[in-house]
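Please look over the model below before reading on. The notes that follow are grouped by topic.

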Amino acid sequence: MKFLVTGSAGLIGQNVVQELLKQNHEVYSCYHEDKPTTGIPISLDLTDSTEIKKIMEKIKPDTVIHLAAMTKVDLCETEKELAHTLNVTATEILAYEAAKISAFFVYVSTDYVFDGKDGMKKEDDAPNPLGYYGKTKLEGELSLNNLASNWAIARTSTPFGNHSKKKSFPLWINENLKSKNKIRLLTDQYTSPTYVPNLSKMIIEIAVRQINGIIHLAGASRISRYDFAVMIAERLGLDKTLLLKAKIEDMNWKAKRPKDSSLDVTKAIEILNEKPMEIQKSLPLFIEEITNQ
Ligand SMILES: NC(=O)c1ccc[n+]([C@@H]2O[C@H](COP(=O)([O-])OP(=O)(O)OC[C@H]3O[C@@H](n4cnc5c(N)ncnc54)[C@H](OP(=O)(O)O)[C@@H]3O)[C@@H](O)[C@H]2O)c1
């Protein structure tokens with residue numbers, strides 16, 4: 001199948017492209033600033049609607065996996081116009097162009113569409129984003145309703161994995177503890193950490209099988225940031241006394257974040273061959289991956 005992937009050099013995108021290539025798909029890797037080293041690189045500035053149309057008409061993919069977004073939650077509060085252009089307008093145009101050529105459209109969305117008052121949210125629970133990032137990602141989701149039925153929304157949570165440039169949460173913990181830095185971790189913020197290779201396989205399965213609708217593609221465990229960090233320290237044999245407990249109200253963030261944005265992944269467990277992994281299974285796989293490098 002012919003895939004067009006946006007955000008192909010990002011934390012999730014880099015692995016999605018690698019996995020697509022392993023599965024022998026033809027992959028067009030769209031990027032803005034960071035040219036990817038895998039797939040067929042295509043420069044595409046998603047703030048330029050004419051360029052989006054031109055590239056979609058030229059490549060005519062069978063499937064689009066749309067990962068590109070303004071993902072910095074605090075930056076979205078101060079750069080609202082750009083956040084809206086990237087997360088909403090670009091999604092609308094891409095999805096519209098995909099519908100015109102009957103391409104299946106996978107939009108990767110976020111646990112931050114929920115307010116986090118309670119967790120383990122199901123696909124049909126009502127979203128209520130707290131910050132501008134979540135608001136724009138939700139607006140991106142809603143724009144798909146105006147299109148043909150050939151789309152999927154895959155919401156994920158705290159992705160972690162290996163990346164050539166980006167350091168996800170476990171690597172950040174590893175680095176700080178190795179340098180004997182004390183770090184503050186939230187005991188009252190819960191997510192569903194998602195191992196990127198597991199996520200990539202689930203996204204691709206959704207795309208290949210053309211599974212329509214909203215689906216939560218996240219890890220199968222709900223855990224606080226603090227407990228996740230303790231688990232990482234223990235697995236790596238590092239000093240967990242350097243991990244200091246903090247509360248969400250202690251943080252001086254611009255954007256409000258949900259306290260419990262864990263996702264219920266029962267639907268994915270029931271219908272996918274690639275199942276969401278428990279953290280007890282995925283974290284050792286990640287640690288093995290980084291220690292074998
Ligand atoms: N990371 C998380 O915690 C998280 C959690 C839940 C959901 N998600 C969702 O998952 C998706 C992927 O996240 P990620 O963490 O892999 O993202 P990321 O590493 O932050 O990468 C963002 C991507 O967006 C691209 N991009 C930014 N501005 C662009 C522009 N003007 N034109 C074209 N591309 C542009 C970047 O391309 P260049 O580098 O080439 O500029 C980059 O590849 C996002 O949609 C996000 O909302 C992420």
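Just after helix 8, Gly237 has a positive phi of about 65 degrees. Helices (H or I, at least four residues) and strands (E, at least two) are DSSP runs, numbered from the N terminus. This is a predicted model, in which local features need pLDDT of at least 70 and side-chain atom pairs count only at pLDDT 80 or more, while totals for chains, interfaces and linings use all residues. Residues are numbered from 1 along each chain as its sequence is written.

- Buried residues of helix 8 include Arg225, Phe228 and Met231 (buried: 20 or more other C-beta atoms within 10 Å of its own, C-beta atoms being placed from the backbone).

- Seven strands form an open sheet in the order 3-2-1-4-5-6-11, with parallel pairing (strands pair if DSSP finds at least two bridges between them).
- Strand 3 (40–43) and strand 11 (213–216) are the edge strands, each pairing on one side only.
- Strand 1 (residues 2–6) and strand 2 (residues 26–31) pair in the parallel sense over four bridges.
- Phe3 stands opposite Val27 in strand 2.

**Ligand**

- The ligand is surrounded by 29 residues (C-beta atom, placed from the backbone, within 6 Å of it).
- The closest are Gly7, Gly10, His32, Asp34 and Ala69.

Terms used
Buried ≥ 20, exposed ≤ 12 C-beta atoms within 10 Å, placed from the backbone.
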